[in-house]
Amino acid sequence: MDPTLKLFVSTDFNPDKYVRELSQNCIGGPELVRLRNKVQSLSEETSGKLKRNVYQNYIQFIETAKEISHLESEMYQLSHLLSEQRSLLNSLSNTSVLGDDKPVAVEVVVNSEDNKKQEEEARQNKLTTILEAVEGCSNLLEVSTRSLMHEGDLLELDPMENTPLKRIHGYLFNDGVMLAAWNSNRRGPIRYKFEAFYELGSLAVVNVRDLGNIKYAFKLLAFPDTRLFQSTSNSTKKEWLEKFDQAKKARLTQDQIKRESFAEKSPSRSVSIESPSLNPFEEAEEEVASHPEWLMETPEELDVYVAQRHFEDALTLLHKAQEYFKNYLPHHHQPDHTVLDLKRKVEQRHLAVTEVLMKELEVSPDKSLQGGLRAARRPVGLLNQLGRSTQSCKLFLKLCSSIMRTHCKRVKREGSVIVYIQHLSSAVFTNMCHMTEEFLRAFPNSPSCSSAFIVWASTELSIFTTHFIKQVFITQTTLSTLTECVVLARSQCERLCAYGIDFCYQLDGAFRTPLTRAIRDARDKVTDAIKLRSLEDTWIPTNLKSKSGLARCLQEHAKMDLLLDNYVTGDCWLQLTNNTLSFTKLFLNLLEDCLKLQTSELLYTIDEVLFDILDAQVKYIGQSLRSEKQVEQRQFITKNVDFVLITLISLAQKKYSTVVGFESFGLKRLVKENTALLHGVTPTSRQITKYSSNEYL
Amino acid sequence: MSKKPVTQPALHKVIMVGSGGVGKSALTLQFMYDEFVEDYEPTKADSYRKKILLDGEEVQIDILDTAGQEDYAAIRDNYFRSGEGFLCIFSITEDESFQATQDFREQILRVKNDENIPFLLVGNKCDLEERRKVSYQEASDRAKQWGVTYVETSAKTREHVDKVFFDLMREIRARKMEENKTNNGRGKDKNKRKKLKCVIL
Ligand SMILES: Nc1nc2c(ncn2[C@@H]2O[C@H](COP(=O)(O)OP(=O)(O)O)[C@@H](O)[C@H]2O)c(=O)[nH]1
Ligand SMILES: [Mg+2]
């Protein structure tokens with residue numbers, strides 16, 4: 001590394017001090033000038049390196065951005081697929097209707113908060129001691145509401161012979177009874193061994209009347225077990241029976257509280273429970289009257305609503321019925337056939353309504369799209385309420401597609417390509433915006449539908465770009481026309497950004513390959529023209545015939561930001577050849593188009609094309625200079641070189657960096673490689689290397 | 001069942017079913033203790049056992065007097081499962097109790113899964129002829145339809161009280177003997193036995 005550079009890089013570098021030291025040490029002006037030049041060249045080199053780095057990073061950045069956008073769209077599609085799968089699974093699981101056997105959780109009703117806490121603590125303590133005393137009942141704590149209600153020693157008897165069997169310790173909980181056998185050779189805290197647990201909801205407790213040798217006994221019937229127990233006295237037996245009764249009643253009230261949440265809907269239910277005259281074993285079929293009348297009529301009512309196309313009313317009724325079914329707890333845990341039947345019927349109507357609504361949305365050739373998306377609002381909204389947003393979204397997007405098709409067909413292919421593209425892209429993106437609005441209105445908070453929409457929009461855009469490429473990228477189209485079309489499409493596409501949907505990357509991506517080809521084709525056309533013109537070039541200044549002709553020419557070029565006053569000689573002469581002037585025009589036009597088309601992905605091609613064109617022209621001039629011996633003529637040629645290499649390229653760089661942000665490396669290199677020409681020397685030793693991307697990277 | 005003939009005589013398990021207040025407890029108490037209880041006290045579930053002479057053979061009867069009401073179907077089913085024979089009782093003074101017998105019958109058949117389960121239809125309180133609501137014809141028609149016997153009883157006058165218990169026990173005993181026969185041959189699949197009977201008929 002250059003020692004001065006090292007100095008600059010050091011952290012405590014002080015520019016003022018450095019300059020002062022320099023001026024002190026230097027002897028005379030030339031020394032200072034030399035140093036100044038050195039610093040300047042260093043600065044140029046550094047900025048060049050910096051730019052190269054920036055460019056390199058820039059390319060990396062572009063690559064990364066591309067990757068990200070691809071990933072993004074893949075994620076969208078994945079999420080769409082997943083949500084489709086989910087809805088499929090949902091519909092599958094919904095088809096298995098029965099199996100609603102919810103276990104009944106029994107809770108102890110406690111009023112005050114404090115008591116609750118204390119009781120909870122006591123409950124847990126109690127259960128823990130039981131856990132410690134009884135071997136093999138580790139799942140005792142699994143039911144969080146379980147609490148002990150009674151316990152005691154019992155003697156189990158043979159139910160047939162009434163002879164004693166073994167000693168048992170019984171635990172009555174609020175949800176069942178646990179029997180534990182005495183451990184004969186007991187060690188430590190474990191006193192009993194778990195034997196059985198019987199659910200209260202299915203356990204039959206039978207009092208056994210004292211007769212002969214059997215005293216103080218009761219039976220537990222829990223199919224297939226029949227177990228007979230003898231307690232120590234009449235009062236302990238009574239206590240057991242009473243506790244069993246209490247536990248069962250508590251459980252029953254708990255169940256009833258649950259049922260009472262919709263008691264107003266089935267008022268006769270509680271009556272049937274209380275009235276002893278009624279058959280308590282009554283089966284569910286006989287409780288038909290307990291369902292409200294509206295429910296019984298729901299299926300027929302739904303048919304009428306659908307026939308009258310009163311879908312909103314149908315939905316309200318449907319939801320009401322479903323709500324009723326949801327809250328309905330079958331009496332005695334027996335399936336209520338009336339309810340099951342009604343449920344099935346209502347479910348059929350549910351499907352029917354859904355189908356009718358989907359038909360509304362379906363696209364068919366014999367249906368007019370006159371109503372457009374507005375007409376779809378109602379069925380879409382209703383289907384969403386029915387929980388069918390996936391289907392409604394699918395149909396909605398299908399409808400959008402077919403509306404899009406009709407609108408696009410209506411755009412006539414007449415007049416210039418530009419006009420056609422203008423109308424077409426306006427039609428496509430106006431519809432797209434409109435559809436996005438409608439979509440956001442219909443599916444405001446649905447991620448799965450949103451991803452479906454993005455996939456749809458992406459597909460629509462692809463259809464558009466494919467069509468666009470077929471129509472626009474044909475050999476007859478000039479680069480200028482093409483550019484105008486692309487710019488039109490791009491600006492239309494940007495309208496979607498207002499909805500948070502940016503598809504510009506997809507548009508640019510679709511156009512990248514054909515555009516690269518088109519730009520290179522344009523370059524080939526220009527270089528062909530350069531070759532042709534070079535054959536006819538006579539290397540004489542341009543004669544504009546008159547003063548006014550010269551003025552017009554100057555004005556024309558001033559419009560292109562080119563001041564040619566320095567090249568004027570006499571009244572109507574310009575010290576630039578006609579060839580140089582027309583090349584200038586051609587080049588600037590091409591540059592303009594390229595800069596309009598400029599995207600990060602195209603920048604490489606653009607740079608390459610600009611270099612190639614200028615290189616061709618400069619090479620031609622260089623050849624002319626080499627074969628020219630006459631000093632005066634050489635001076636004239638050098639003037640043209642100077643114009644192209646200095647004036648024209650500076651202007652081009654200015655325009656380039658305004659749009660791109662930095663100057664073109666290709667043009668810079670061109671200037672550097674050809675500086676010798678400016679001094680009238682032909683750089684014969686120059687190796688003509690093909691301009692390639694390697695030199696940038 | 002006969003593996004310990006020394007210790008205990010055969011045990012026949014009878015279950016009293018029927019709506020509340022029809023006289024299940026009254027019939028049971030009359031049979032067991034020869035007494036009639038005037039006042040009505042709803043039963044929970046009581047079981048009785050007694051040694052009796054059935055056609056000269058000493059047997060034990062185990063009577064389960066069920067509650068008029070049971071809120072849990074699963075518990076009800078457990079009562080029924082424990083029985084070998086059923087006395088299905090209604091009061092001839094209460095039509096509703098007669099209608100209820102239909103449900104009891106169905107539930108018992110469902111739980112026992114046996115159409116030929118020992119079963120008697122009992123019309124109680126026949127001493128209250130002046131308050132009869134269920135005709136003899138009507139009741140015996142239903143019994144015929146089920147293929148069971150219909151008997152009218154009075155817990156108060158003891159009319160036919162012994163008869164219903166003894167008839168049911170005979171049915172149970174016959175049933176067990178038949179079962180033993182099939183058991184010697186094969187398993188106790190009740191459906192198989194049913195088929196067998198159909199062939200005989
Ligand atoms: N007159 C009369 N009354 C009866 C008869 N059987 C029962 N009762 C009365 O009917 C009421 C209910 O009888 P109970 O045995 O407790 O009914 P259960 O518990 O449902 O079987 C009581 O007051 C009995 O005295 C009967 O055969 N005749
Ligand atoms: Mg009773």
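This is a predicted model: local features need pLDDT of at least 70, side-chain atom pairs count only at pLDDT 80 or more; totals for chains, interfaces and linings use all residues.
In total, 21 residues surround ligand 1. The closest are B:Gly21, B:Lys24, B:Ala26, B:Glu38 and B:Ala155. Which helix gives the most to this shell? It is helix α1 of chain B, residues 24-33, with 3 residues.

Now look at individual atoms. An oxygen atom of ligand 1 is 2.7 Å from a polar backbone atom of B:Ala26. B:Ala26 is also among the closest residues listed above. A nitrogen atom of the ligand is 2.8 Å from an N or O atom of B:Asp127, and here the protein atom belongs to the side chain. How much of the ligand does the protein cover? On its own, ligand 1 has 570 Å² of accessible area, and the protein covers 90% of it.

Next, move to chain A and a pair of helices. Two packed helices are described by the angle between their axes and the distance between the axes. Helix α13 of chain A spans residues 447-472, and helix α15 of chain A spans residues 504-536. They pack at an angle of about 25°, with their axes 10 Å apart. Angles under 35 degrees count as roughly parallel, so α13(A) and α15(A) are roughly parallel to each other. The crossing of α13(A) past α15(A) is right-handed.

Two loops of chain A complete the walk. Phi of A:Asn162 is near 65°, a positive value in a residue other than glycine. The other loop lies between β7 (217-222) and β8 (225-230) and holds A:Pro224. Is the peptide bond from A:Phe223 to A:Pro224 cis or trans? This bond is cis, with omega near 5°.

Conventions: Residues are numbered from 1 along each chain as its sequence is written. Chains are lettered from A and ligands numbered from 1 in the order in which they are written. Side-chain values use heavy atoms; hydrogens and water are left out. A residue is near a molecule or strand if one of its heavy atoms lies within 4 Å of it. A polar contact is a pair of N or O atoms within 3.5 Å; within protein, one must be able to donate a hydrogen and the other to accept it, and residues adjacent in sequence count only if both atoms are side-chain atoms. Accessible areas come from the Shrake-Rupley method with a 1.4 Å probe; for residues, only the protein chains shown count as cover. Helices (H or I, at least four residues) and strands (E, at least two) are DSSP runs, numbered from the N terminus. Axes are lines fitted to C-alpha atoms, for helices over the stretch in contact, and angles run from 0 to 180 degrees between N-to-C directions. Angles under 35 degrees count as roughly parallel, over 145 as roughly antiparallel, 65 to 115 as roughly perpendicular and the rest as oblique. A crossing is left-handed if the near helix is turned anticlockwise from the far one by less than a right angle, and right-handed if clockwise.
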